[in-house]
Structures are given as structure tokens and as C-alpha cells.
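Me: Can you walk me through this one? I'm new to it.
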Amino acid sequence: MKNDIESILISEEDIQKKVVELAKVLDEEYEGKNPLLVGVLKGGLPFMADLIKKMEIYLEIDFMDVSSYGNDTVSSGEVKILKDLDTNVEGRHVLFVEDIIDTGGTLAYLKDLFKYRKAASVKIVTILDKPSGRKIDISADWVGFTVPHKFVVGYGLDYAENYRNLPFIGVLKPEVYQ
Ligand code: PRP
Ligand code: MN
Ligand code: MG
């Protein structure tokens with residue numbers, strides 16, 4: 001599997017250092033607020049798992065699984081919920097945990113939905129941000145790394161459902177998706 005990788009963009013060591021930094025900042029932000037961290041499946045899973053282990057405050061976790069409507073090339077910003085939360089979010093401080101923000105469609109939808117559900121606050125932490133992909137004006141509250149306009153895999157990000165288990169962020173060899 002590792003043979004399919006052309007180059008490593010962000011190393012495992014750099015990711016883990018960043019996770020510790022973000023955990024510290026989030027501990028300060030959410031101390032005494034018992035936040036609900038919501039992992040967005042499937043890509044958000046590795047970051048979620050690493051992040052919560054480095055946080056030291058009281059917190060709760062839950063997960064949502066969502067997919068975009070329509071075809072891949074046109075993002076409607078409309079999202080279908082495949083798995084909803086098991087937790088009532090009214091009055092809760094919600095923090096979405098994502099692997100990447102690309103068009104912004106997924107998180108714009110989720111943010112609106114959770115405001116409608118009367119969460120006390122709705123914020124976003126993402127390990128990767130790809131601002132060049134943006135179609136909806138939304139930004140994360142905390143970003144690990146900004147990535148260029150390249151197709152990246154690993155640390156939750158897939159190509160045809162593979163490569164999520166790589167501990168680093170890498171670029172695939174072109175022949176893999178030709
Ligand atoms: C990917 C990624 C983000 C979303 C970002 O998920 O994990 O959740 O797309 O794209 P956007 O900003 O354009 O909405 P995907 O829908 O591929 O599902 P997955 O996490 O199960 O791979
Ligand atoms: Mn995802
Ligand atoms: Mg995907």
C-alpha cells in the first residue's frame with residue numbers, strides 16, 4: 001500500500017506534534033464547558049481518536065456520518081445524514097472534528113443544522129484545510145495544516161476507501177488513479 005505513495009506531504013511526527021498543540025488550545029477553550037466533540041465519519045476518525053487522547057478536560061464524544069447529495073463535480077452544499085447523533089445538543093458546546101475542509105459543503109450544512117438544533121456554540125477543528133477548493137464561504141476555527149490543491153490521502157483521507165490508515169498525509173502516484 002505504501003508503494004502507491006509518491007511523496008509524503010506531512011509526516012506522522014509533524015501530525016502528532018500538531019495534535020498535541022491543538023489539544024492544549026482546545027483544553028483551554030473548553031475547560032468547564034463539557035464540550036461534545038462530534039467526529040465526522042469516516043475521514044474524521046483518526047484525528048478524533050488522537051485528539052481526544054491528548055485532551056485532559058471533561059468532554060463527551062459522538063459521531064455523525066454524512067454524504068453529499070448529487071454528483072461529485074457539483075457540490076450543492078446539501079448533505080444527507082447517514083448516521084445522526086445519539087446526543088441532544090441543545091445548550092451544548094459542539095466541536096466538529098474533521099480531516100479536511102474542501103468545498104466547505106459538509107461543514108456549512110452541519111453548522112447550520114446545529115444552530116437550528118440550538119447548540120450553545122458550534123465550532124470546527126480540522127487537521128487539514130484546502131482553501132483553494134472552497135465553494136462555500138466557511139472557515140474552521142482551528143486548522144492543523146493548509147494543503148495545496150492536490151489530491152491527498154492518509155490519516156483518514158481516502159481514495160476509493162483505501163489509504164485512510166496511513167499515519168501520514170501523502171500524494172498518490174498518478175498511475176494509481178489512472
Ligand atoms: C470528505 C472529508 C470531509 C469532506 C470535505 O468526506 O472527509 O468530510 O469530504 O469535503 P467538503 O468540504 O467539500 O464537503 P467524504 O464525504 O468523502 O466521506 P468520508 O469521510 O467517509 O471519506
Ligand atoms: Mn468526511
Ligand atoms: Mg471520502
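Me: How do the residues of the shell around ligand 1 divide into nonpolar, polar and charged?
Reply: Four are nonpolar, eight polar and five charged. Ala, Val, Leu, Ile, Met, Phe, Trp, Tyr, Cys and Pro count as nonpolar, Asp, Glu, Lys and Arg as charged, and the others, Gly among them, as polar. This is a predicted model: local features need pLDDT of at least 70, side-chain atom pairs count only at pLDDT 80 or more, and totals for chains, interfaces and linings use all residues. Residues are numbered from 1 along each chain as its sequence is written, while chains are lettered from A and ligands numbered from 1 in the order in which they are written.

Me: Which residues come nearest ligand 1?
Reply: Lys-42, Gly-43, Asp-102, Thr-103 and Thr-106, out of 17 around it. Near means a C-beta atom, placed from the backbone, within 6 Å.

Me: And which strand gives the most to that shell?
Reply: Strand 5, with four residues. Strands are DSSP runs of E, at least two residues, numbered from the N terminus.

Me: New topic. What is the strand order in the open sheet of three strands?
Reply: The order is 1-9-8, with antiparallel pairing. Strands pair if DSSP finds at least two bridges between them. Strand 1 (5–10) and strand 8 stand at the edges with a single partner strand each, so one side of each has no neighbour in the sheet.

Me: How many bridges join strand 8 to strand 9?
Reply: Two. Val-153 has Gly-170 in strand 9 as its bridge partner.
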